[in-house]
Amino acid sequence: MAVRAQVVVRGVVQGVGFRPFVYRLAQEHQLNGWVLNSTQGVVIEVEGPRQRIDGFITALRADPPPQAVIERVEANLLPPVGYSSFIVEASREGNEFVLISPDICICADCLDELWNPQDRRWAYPFINCTNCGPRFTIISDIPYDRPKTTMSTFTMCPHCDQEYHNPADRRFHAQPNACPLCGPRLELASNGARPAEPSPPGEPIEGARRLLAAGTIVAVKGLGGFHLACDATNAAAVATLRERKQRVDKPFAVMSLDVNTVRRYCQVSEGEAQLLESPARPIVLLRRKPGSPIAAEVAPANNYLGVMLPYTPLHYLLLSDGVTPAPLALVMTSGNMSEEPIAIDNQEALERLSPLADHFLLHNRDIHVRCDDSVTRLFRGREAMSRRSRGYAPFPVRLNLELKEILACGAELKNTFCLTKGTYAFLSQHIGDMENYETFASYQASVEHFQKLFRVNPQAVAYDLHPDYLATRYALELAEAKGLRRLPVQHHHAHVVSCLAENGVDEEVIGVAFDGSGYGSDGCIWGGEFLLADYRRFRRLGHLKYVPLPGGEAAIKRPYRMAVSHLLSAFGEEALRLPLELWTQIEATELALVRRMMAAKVNCPLTSSCGRLFDAVSALLGVRGVVNYEGQAAIELEMLAAEGVDEVYDWSPPSGYPIIIDPAPVLRGVVSDLRRGVEVAVISAKFHNTIADITVGVSRAARERTGINRVALSGGVFQNTYLLGRTLDELERHGFEALSHHQVPTNDGGIALGQALVANARLSRSKER
Ligand SMILES: [Zn+2]
Ligand SMILES: [Zn+2]
């Protein structure tokens with residue numbers, strides 16, 4: 001006897017070849033009915049004998065298309081209505097939401113076509129199918145259908161149209177489907193502002209390859225924006241790119257054809273190879289091999305290189321041999337001036353990037369959403385993200401509790417925002433440092449786009465306590481305009497809760513939040529914090545002792561000022577008579593100014609920052625006195641830390657409440673070693689060990705007081721893998737359960753998630769009462 005089943009499939013089921021898969025499955029099981037995309041997911045009706053329907057549903061769950069993520073399958077049995085065939089119906093709009101697939105790198109089938117001279121898409125740079133290609137970056141609204149993507153302006157040729165409408169074809173309803181006859185095209189353009197440059201040769205890819213081989217800089221339009229590309233083995237080209245981009249030392253990412261090529265200049269483990277080859281194609285931080293052909297200028301003073309594999313057919317073509325041999329690796333850095341958002345529009349790129357690029361490799365498929373490359377690494381067998389963006393966003397972080405609809409606005413640096421709904425936290429792609437109008441404008445547009453895509457209508461806004469963050473001002477204005485609840489969240493509380501949320505822990509923990517700076521509840525600049533925290537609230541169990549931050553922002557850019565501050569705090573005026581290299585590095589007038597400011601307590605906010613303590617030690621050791629990118633002094637200090645050192649510096653054991661840890665004894669130890677001629681590499685390791693030791697010591701004191709045995713580590717300082725590894729080991733050795741970040745960045749890129757969870761907990765409580 002026939003029955004009818006209505007099946008709703010939720011998860012990432014649109015733009016991943018799900019409907020053709022359902023169609024084939026229905027054929028196999030000889031069932032009639034229909035399938036459609038709706039704003040709640042994929043809806044299916046199948047009619048036939050009960051047994052076949054059960055088989056259909058089992059197969060549906062068991063073997064979905066490779067990029068699909070099934071979150072839930074709901075089936076209801078209904079009386080039959082007598083369907084006579086199985087069809088794919090037009091999409092239905094509604095007010096529910098679906099999960100949208102991130103952009104997916106080209107699949108193996110499409111890659112075969114790309115290399116096959118017999119194929120009609122041979123060497124076509126825009127090949128895609130239902131299993132691969134652009135998604136998030138071309139979607140303007142849901143449901144995901146061609147008219148709601150930037151492919152809407154291309155009319156398919158009869159051949160492509162036939163593939164698109166044939167349920168048996170692997171391009172059935174592949175929304176960006178295209179071929180050389182009907183799809184997007186490449187163009188190699190000269191830079192109008194550089195008339196002296198030779199005009200580009202005929203075929204765009206061959207031309208670009210030739211220009212890159214000649215050492216010029218080419219702006220390449222990718223999936224989520226433009227890259228600036230140059231030959232990574234050409235020191236002069238890389239130096240020119242640095243100069244033009246005004247990026248002095250911050251590492252550039254590189255791209256190579258495949259893992260074997262990457263192995264020529266980096267160590268790649270099996271796990272790292274998998275990460276490199278994953279469909280998200282992130283930038284993976286890999287240990288570089290000494291004496292590799294990659295120019296030192298790519299990542300100065302860094303033992304790691306950020307490497308990615310090609311993710312679009314265009315990248316594959318650029319990195320393979322033509323008349324001009326393929327480059328070993330290309331620098332692929334985001335197409336922008338430092339600190340501005342990545343360029344996405346052709347006209348915008350031609351204008352904004354003209355001081356940076358010699359030529360432009362353009363195409364006419366528009367990018368709707370800006371999305372930078374993601375950055376990740378393998379840490380102890382698990383992924384640890386430092387930038388969660390292309391290939392990951394807008395896939396949500398799944399939580400094990402139901403959330404209200406909240407907008408969490410994020411922090412200032414490495415901004416991301418977060419929208420919550422149901423059990424999902426939609427963490428945005430990387431927005432960047434909110435220090436200029438362009439980034440802020442991009443932020444606003446992204447917030448609105450996410451609200452529309454995921455049908456989120458926030459009832460409250462969560463934001464950082466810092467009154468001058470652009471994201472905070474935006475939150476307050478929005479709350480005012482729309483009458484939303486305002487929920488301020490302390491920076492380090494948000495860090496710790498972000499770590500709890502991604503680990504699925506909803507209990508009170510000892511939270512350790514170490515970073516550069518975050519606005520404290522007392523108006524001071526926090527950053528070396530031990531908190532007793534749960535989702536709703538926190539108490540400050542302890543922190544590093546306050547020291548002045550002489551000149552505020554100026555002390556962050558010039559770590560030697562922090563060295564002065566910490567030395568004066570540790571030694572008093574005596575510090576100035578110590579025979580230290582440091583004193584020769586600072587102009588007498590600036591030193592006098594810093595001392596005056598500190599004595600008069602003018603423009604010297606107090607800080608407990610752990611990041612600034614790293615800065616101070618880095619400057620004191622002569623590693624880095626002035627930085628030109630965030631975190632540089634600490635990164636360079638980490639890079640030279642010797643292996644196999646187990647010693648620590650003395651520090652005063654925790655006492656009192658809250659526990660104040662004075663770094664002075666540590667500074668005295670460092671100075672003493674320095675004067676004894678101990679190697680800087682050894683001092684660096686001892687200093688790292690000491691910070692881990694302090695973390696464990698304070699955690700133990702906190703455990704005695706609270707009985708809590710779980711420690712959550714968060715904050716940008718824990719991007720330091722020497723410190724993180726050592727701290728985790730020591731915590732575990734002392735019987736703690738230690739949590740750290742994996743899928744959400746430990747830096748400020750993860751703050752928004754924590755803000756959202758704190759806000760949700762507060763909203764829930766106010767409703768209970
Ligand atoms: Zn494909
Ligand atoms: Zn076509």
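Visitor: What span should helix α17 have, and what is the distance between its end C-alpha atoms?
Guide: The expected span of a helix is 1.5 Å times one less than its number of residues. This is a predicted model, and its helix α17 covers residues 588–600, which makes 13 residues.

Visitor: Which residues of α17 are buried?
Guide: The cut-off for buried is under 20% relative accessible area. In α17 the residues that count as buried are Glu590, Leu591, Val594, Met597 and Met598.

Visitor: Where on the helix do the buried residues of α17 fall?
Guide: An α-helix has 3.6 residues a turn, so residues three or four places apart point the same way. The buried set of α17 is Glu590, Leu591, Val594, Met597 and Met598. Seen down the axis of α17, these buried residues fall within an arc of 125°, so they line one face of the helix.

Visitor: What covers the buried residues of α17?
Guide: Contact here means heavy atoms within 4.5 Å. The cover over the buried residues of α17 includes β23 (547–548), α15 (559–571) and α16 (582–585).

Visitor: Which exposed residues does α17 carry on the face turned away from its buried side?
Guide: Exposed means over 50% relative accessible area. On the face of α17 turned away from the buried side, the exposed residues are Ala588, Thr589, Arg596, Ala599 and Ala600.

Visitor: Where does Arg380, with its positive phi, lie?
Guide: Arg380 is not a glycine, but has a positive phi of about 50°. Its place is the loop between β14 (375–379) and β15.

Visitor: What is omega for the cis peptide bond that joins Tyr657 and Pro658?
Guide: Pro658 is in the loop between α19 (632–639) and β25 (659–661). The bond from Tyr657 to Pro658 is cis, with an omega of about -10°.

Visitor: Is Glu206 buried or exposed?
Guide: Glu206 belongs to helix α5 (residues 204–213). Leaving aside neighbours within four places in sequence, Glu206 is in contact with Gly322, Val323 and Thr324. The relative accessible area of Glu206 is 14%, and the cut-off is under 20%. Glu206 is therefore buried.

Visitor: What is the volume of the largest cavity?
Guide: The whole structure has 6 cavities of 30 Å³ or more. Of the 18 residues lining the largest cavity, the closest to its centre are Pro134, Leu223, Thr312, Pro313 and Arg365. By class, this lining has 11 nonpolar, 5 polar and 2 charged residues. The volume of the largest cavity is about 120 Å³.

Visitor: Which helix gives the most to the lining of the second largest cavity?
Guide: The second largest cavity has a volume of about 90 Å³. Its lining has 16 residues, with Gly15, Val16, Gly17, Arg19 and His173 nearest the centre. That lining divides into 7 nonpolar, 7 polar and 2 charged residues. The helix that gives the most, with 3 residues, is α1 (residues 18–28).

How values were computed: Residues are numbered from 1 along each chain as its sequence is written. Chains are lettered from A and ligands numbered from 1 in the order in which they are written. This is a predicted model: local features need pLDDT of at least 70, side-chain atom pairs count only at pLDDT 80 or more; totals for chains, interfaces and linings use all residues. Side-chain values use heavy atoms; hydrogens and water are left out. Helices (H or I, at least four residues) and strands (E, at least two) are DSSP runs, numbered from the N terminus. Buried means under 20% relative accessible area, exposed over 50%, partly exposed in between (1.4 Å probe, protein chains only). The arc is that of the directions from the helix axis to the C-beta atoms. On a 1 Å grid over the protein atoms alone, a cavity is a set of points where a 1.4 Å probe fits but cannot get out, and a pocket is an open set with protein on both sides within 12 Å along at least five of seven lines; lining residues have an atom within 4 Å of a point. Grid points are joined across faces, edges and corners, and a volume is the space filled by probe spheres set on the points. Ala, Val, Leu, Ile, Met, Phe, Trp, Tyr, Cys and Pro count as nonpolar, Asp, Glu, Lys and Arg as charged, and the others, Gly among them, as polar.
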